[in-house]
Every structure is written in C-alpha cells, then in structure tokens.
Amino acid sequence: MNFSKKIRVIEQNNLLRLRKIANSSQSTEMVIEGQKVINFCSNDYLSLANHPKIKEALIEGVSRYGIGSGASHLVSGHSESHHNLEEALAQHTGQQRALLFSSGYSANLGVFSALRDEIDWVLQDKLNHASLIDGNRLIGLPVQRYLHNNLESLEKNLKKQAGTGLVVTDNVFSMDGDRANIDGIKTISAQSGALLMQDDAHGFGIFESTIPDHSIYMATLGKAAGVMGAFVSGSSDLIEFLIQKSRPYIYTTAISPSMCVAILKSLELIKKGEQKEKLFSNINYFKNCAETLDLHFEPSESAIQPLIIGSSNEALSLSNTLFEGGYFVSAIRPPTVPPNTARLRFTLSANHSFTQIESLLQKVKDVMA
Ligand SMILES: Cc1ncc(COP(=O)(O)O)c(C=O)c1O
C-alpha cells in the first residue's frame, strides 16, 4: 500500500484534512496555532464547554470518583454518577430510561448493532450523518435513502419495503442546519409499521425534542451540552435490549464518572434556559445582518448557518483568508457534503457578541467581493 501516493491524490483534489492546534480552551475567542481568532466553528452552541460552574462540578466529580471508570458498564465501570445522569437524561427527554455511550458515533453504531437481527431494511434521509451510514453498513443492510427532508419520497420508498424496518433521520442536519419534520416522518413511518430513530446531536439542549412513542432517540453531550459522550433514550424495554445487544456499549470502557457529574451540571444550566436565549438572539441577529449585507446563507433556524460555495478549492481559500483576518470558520468539503457543495459552515454560540457577528459578516462580504 503506497500511502504517500494516496495522500498526494487527496491533496491534489483539495480534500486534504488538516488539524489546527488550539492553544486555549474552547470558547468564542481562542488562540489557534498561536493566532488570536474569533471562533465561528464550534459545536459549543450554548458556550458551556468552558463554563466555570461545569468546571467546578468536574473537579468535585474527580475528588469524589477519581479519574477513570476502570471498566465497561457491565463489569465494574457503572458508577452511581453514570446512573444518576442516565436517570436525569431519561426524565429530561420524557422517556422511561436512557443509556450512556462514550460518543455519538458509538451510540449510533450501538443502536444499529443491537438491531442487526431484528430488522429487514433501513431507510435514511439523504443527508444523514456519517455515523448513521456507517452503522447501517456495519449490519450489512443496503443503505437506502429518501430525498432530503421530503415526506413524499419517504412514503414512496416505504411502499417498496417488505418486513420490519427502521426509518432514520438527523433532527437538525449537521452540515445544513435545517430541521427534520419529525411529526410528519413519525406519521408516515407508523403507517408502515416502521421503527423511527432520530439523531438529535445538534438539537439537544437547543430545541424542544419531539420523541414519538416506540421510537429511538439519540443525542450527544459534547456539542450544546459542552462536555462529551452521548445517550439513547426510549422505553425501558428498548434500553434493556441495548444493554444486552449493543456491542459498542458492551465492549468499551465507561466514560469517566467525573464527566457525568459535569454533564449533570450542564443539564441544570440547559434547563435554566439563559444560554439558549442568548443563542437565539445571536441567530436572529446573524440572519438579519446577513440579509442586510445580501449574503445568501441556506435557510436555517439553528446555530448552524451554511454558505454554499461550490468548489472545494474556493471554500478552502475563503476559510484561510478569514482565518488570517482573525475569524475561524471551517470549510466543509466532499465527501462530508455532496459533490460541488463545498461550503463555509458558520456556527453560532451563546457567548458571541453582536459586534463579533457584525464584523464577521462584513469581513465575509469583503473577502467575497
Ligand atoms: C448528526 C451527528 N450525529 C452524530 C455525531 C457524532 O457525535 P460525537 O461527536 O459525539 O461522536 C455527530 C458529530 O458531529 C453528528 O453531527
């Protein structure tokens, strides 16, 4: 295998993925590769990743439970802090039980892995997250997709299926910021007896979740919640079944118990709603400023505001120019997004100021002129 040749091909197609090193904590203002920038590409939507109360909670958690969990949940790693957090997440989402995973990626793989012998087909929104596609592939069923956010296409595709199946959708689409019509999807899926699974990685903590009966809900704890991990919530039977059958749940070390103490504090702050109010006021301000400056973002009510550029090269070059000007905005390129839809993915956080948003958009206008 000639790795360097393969890498050169990726580079020639302007698709080389690079990591920038952060020299400061996650925040709206950061030092990245030694340069001060305003950060517009974090999923820390509620600005909780560096919140003093959560940091305090984490330290308390370390004093009480130490650092590592030491084992998987089914051996000796399931502490009372994991259990308390699961109960709090179940209650928060209005479900009977919840189950913690170490990341959203493993939670999605975990659901698919448990359903392996239970379903005959899977139908997914065309723009679902890679982890859902990977989960689908993992269990050897064909990846069948309906048109993005299109109920007619879902209905048409459902008619072609036979046996028991799973309809899967992101709740807030990660690269587009738009939201799935959960009520519509639920009604159509229920007509054909399909099970619904939603991935609320980018909506949890921000939008009120809609979780139909007998469905599977997954959300992450490293984005708006500002910490790490993920959970699935639903009926008691669903959770018990996942504990028995989900290989990415069974065969991995539990996250640190102290992290669960931090997440419980984060949940408390999420429920208070102050950060969410600030985020929504920033989203409105961003959209108004963009309109005034005649910048055409994709329609999105969420913290994710994409500007489609098309060519990967151009998106990358705009992102670099913005970075040099003190604004960190990532360029998202294929295969993460469909061919010829490379984009700048702007994300807003509660702690951005109106001045930062206004100066960013003015800069975008200038560099695109
Ligand atoms: C829609 C969606 N689902 C799942 C994940 C994976 O979550 P995690 O980062 O916790 O592994 C992501 C991550 O970006 C995501 O955007």
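Which residues does Tyr 45 touch, not counting residues up to four places away in sequence? Some notes follow, with that one taken up in point 2.

1. **Ground rules.** This is a predicted model, so keep in mind that local features need pLDDT of at least 70 and side-chain atom pairs count only at pLDDT 80 or more, while totals for chains, interfaces and linings use all residues. Residues are numbered from 1 along each chain as its sequence is written.

2. **Tyr 45.** The answer to the opening question is Ile 206, Lys 223, Ala 224, Leu 279, Ala 303, Thr 347 and Ser 349. Contact here takes C-beta atoms, placed from the backbone, within 7 Å. You'll find Tyr 45 in the loop between strand 2 (35–39) and helix 2 (52–65). Helices (H or I, at least four residues) and strands (E, at least two) are DSSP runs, numbered from the N terminus. Tyr 45 counts as buried because it has 28 C-beta neighbours inside 10 Å. The scale goes like this: buried is 20 or more other C-beta atoms within 10 Å of the residue's own, exposed is 12 or fewer, and partly exposed is in between, with C-beta atoms placed from the backbone. Tyr 45 also sits 6.2 Å from Ala 350, C-alpha to C-alpha, though 305 residues separate the two in sequence.

3. **Two domains.** The chain splits into domain 1 (18–48 + 273–368) and domain 2 (69–255); bounds like these come from an automatic or database domain assignment. Their C-alpha centres are 28 Å apart. Where they meet, 20 residues of domain 1 are in contact with 13 residues of domain 2. On the domain 1 side, helix 12 (274–292) and strand 10 (304–310) each bring at least two residues, and strand 10 gives the most, with three. That side is made up of 10 nonpolar, five polar and five charged residues. For the classes, Ala, Val, Leu, Ile, Met, Phe, Trp, Tyr, Cys and Pro count as nonpolar, Asp, Glu, Lys and Arg as charged, and the others, Gly among them, as polar.

4. **The core.** The largest nonpolar core has 91 residues, and Leu 99, Val 111, Phe 231, Val 232 and Ile 263 have the most contacts inside it. Such a core is a set of buried Ala, Val, Leu, Ile, Met, Phe, Trp, Tyr and Cys residues joined through C-beta atoms within 7 Å. Helix 11 (residues 257–272) gives the most to this core, with eight residues. Domain 1 and domain 2 each put in at least three residues.

5. **Strand 9 and Val 232.** Strand 9 (residues 230–234) has five of its five residues buried. Ala 230, Val 232 and Gly 234 point one way, Phe 231 and Ser 233 the other. Strand 9 pairs in the antiparallel sense with strand 3 (residues 97–101) over five bridges and with strand 8 (residues 215–220) over four; pairing needs at least two DSSP bridges between the strands. Ser 233 is the bridge partner of Ala 98 and also of Tyr 217. Leaving aside neighbours within four places in sequence, Val 232 is in contact with Ala 98, Leu 99, Ala 107, Val 111, Ile 216, Tyr 217, Met 218 and Leu 242.

6. **Strand 6.** Six of the six residues of strand 6 (residues 165–170) are buried. Gly 165, Val 167 and Thr 169 are on one side, with Leu 166, Val 168 and Asp 170 on the other. Strand 6 runs parallel to strand 4 (residues 121–125), joined by four bridges, with Gln 124 partnered to Val 168. Strand 7 (residues 195–199) also pairs with strand 6 in the parallel sense, over five bridges, and Leu 166 has Leu 195 as its bridge partner.

7. **The ligand shell.** How many residues surround the ligand? There are 14, and the closest are Ser 103, Gly 104, His 129, Ser 174 and Ala 201. To be near, a residue's C-beta atom, placed from the backbone, must lie within 6 Å. Helix 5 (residues 104–115) gives the most to this shell, with three residues. By class, the shell has three nonpolar, nine polar and two charged residues.

8. **Backbone spots to look at.** Pro 334 and Pro 335 are joined by a cis peptide bond, omega about 10 degrees. His 214, in the loop between strand 7 and strand 8, has a positive phi near 55 degrees. Asp 294, in the loop between helix 12 and strand 10, has a positive phi near 60 degrees. Asp 294 counts as exposed because it has 7 C-beta neighbours inside 10 Å.

Technical notes
Two residues are in contact if their C-beta atoms, placed from the backbone, lie within 7 Å.
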